[in-house]
Amino acid sequence: MQINNTQIEVLVGSRRANVSYAGRAPGFVGLDQINLVVPEGVLGCSVSVVVRVGSQVSNSSTIAVSSDGGVCSDPYGVPADLLTRVSQGQNAKFGVLNLARVNLELTLPFIGTQNITTDTGTASFVEYTPQNIVSSSSINSLYTSIGSCIVFTGTIGEFTPEDPVLPRGLDAGPQIGLNGPRGSNTLKKLNPFQGTYAETLSTGGISVPGAPPATPPFLEPGNYTFTGPGGADVGAFTALYTISSNFTWTNKDAVNNVNRSAGQLVTWNAGSSNELVQIYGYSASGSEENAITGYFTCLERANVGQFTVPGAVLLALPPSGSVSGGGFSIPLAALGAGIINQERTFTAPGLDFGIVVAGNITVKSVSYQ
């Protein structure tokens, strides 16, 4: 039995696909089938796919799309030639160095808007086998493909998404050094997670009695140098990076209540085609452990200047609950937008591929309805 195709919306890479058939799979009982055409210009290793019928949406998934039918690739993902090597049975060793600033805008009753800025640095060194990649959620799990959104849902008590098959962590030494315009710091090992290093470089404080005092921001525009002393798996290295781009979320003040069914437009001052803009959203139905929650991330090229988060993505999130008390209510939801600066590559003995990247995102309180 064929279903009326006008009732079904399939988004591939956040673009509506042409559905040629939707209904029972011929010759199979209890199996439905949708035939569609991938929209022109959709490419990448983690292209999102979601089905919407009215206000009901499917789970969010991804597919790989290549224009020539060969190995997929993403600008901020693993190079196609390295994926080809893995497909031929070879292991692959990766290193990712990341600098990130999160500007959190909280509107609190009786206090007003509080701006909290946190700067962090992380480093990850891992080895994938072909078997790991076949069984894992995505080798390009750092970001979804450009023009796509990916959604994770669950409960507050069991929410953090985790790849069921983890790669082997690589020892790159006791710590990773970081030097920048505001001085030096150290990314420390996160035990027991082999190959993972992290540090909170600076954090702002809420201007209320008892809150910790703010520390000066660390990630300012300028040149940064990572230094690895070398360990059992990764040799000594030096990696350079420059933070230069500014970013303004231009319609931020106008976005307070998000109509999930209608989608949400996000606009920003245009940047370079070599940079990306990340859009983030979160909503929880309540604060109890079994409350439904979800979040999404989307990517678009910075020079595009705008992106509409589809209703099929927003409907996967629950309507926002709130925390109430003392005559006030705070929604358990947020929306954010920020820049991901152009990546740089680095080399180190023992690694097949290494990248350095930095991001700066502003997140504000909203309500999803």
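**Ground rules.** I number residues from 1 along each chain as its sequence is written, and my side-chain values use heavy atoms, with hydrogens and water left out. As the model is predicted, I ask for pLDDT of at least 70 for local features and 80 or more for side-chain atom pairs, while totals for chains, interfaces and linings use all residues. My strands (E, at least two residues) and helices (H or I, at least four) are DSSP runs, numbered from the N terminus.

**Salt bridges.** I looked up pairs with a side-chain nitrogen of Lys or Arg within 4 Å of a carboxyl oxygen of Asp or Glu. The structure holds 11 such salt bridges.

I began with Arg-16 and Glu-9, whose closest N and O atoms are 3.8 Å apart. For burial I call a residue buried under 20% relative accessible area, exposed over 50% and partly exposed in between (1.4 Å probe, protein chains only). Arg-16 is exposed, because its relative accessible area is 51%. Glu-9, at 18%, counts as buried.

Next I turned to Arg-101, which meets Asp-119 in a salt bridge of 2.7 Å, N to O. Arg-101 sits in strand β8 (residues 92-108) and Asp-119 in strand β9 (residues 112-128), so this pair ties together parts 18 residues apart in sequence. Both Arg-101 and Asp-119 are buried. I also found Glu-220 linked with Arg-101 and Asp-119 in a network of salt bridges.

Then came Lys-189 and Asp-171, at 3.5 Å, N to O. Lys-189 belongs to strand β13 (residues 183-189), and Asp-171 to the loop between β11 (168-169) and β12 (175-180). Lys-189 is partly exposed at 32% relative accessibility, whereas Asp-171 is buried at 14%.

Glu-275 is buried, and the nearest side chain of opposite charge, Arg-344, is 8.1 Å away. (I count Lys and Arg as positive, Asp and Glu as negative; His and the chain ends are not counted.) The side chain of Glu-275 does make a polar contact of 3.3 Å with that of Asn-341. By polar contact I mean N or O atoms within 3.5 Å; within protein, one must be able to donate a hydrogen and the other to accept it, and residues adjacent in sequence count only if both atoms are side-chain atoms.

**Aromatic pairs.** I pair rings of Phe, Tyr and Trp (its six-membered ring) with centres within 6.5 Å; planes under 30 degrees apart are stacked, over 60 edge-to-face, the rest tilted. That rule gives seven aromatic pairs. One of them, Phe-218 with Tyr-224, is tilted because the planes stand at 50°, with centres 6.4 Å apart. Phe-218 is buried at 6% relative accessibility, and Tyr-224 is buried at 1%.

Phe-237 and Phe-346 are also tilted, at 5.2 Å and 35°. Phe-237 lies in strand β16 (residues 237-243) and Phe-346 in the loop between β25 (344-345) and β26 (353-365), so the pair joins parts 109 residues apart in sequence.
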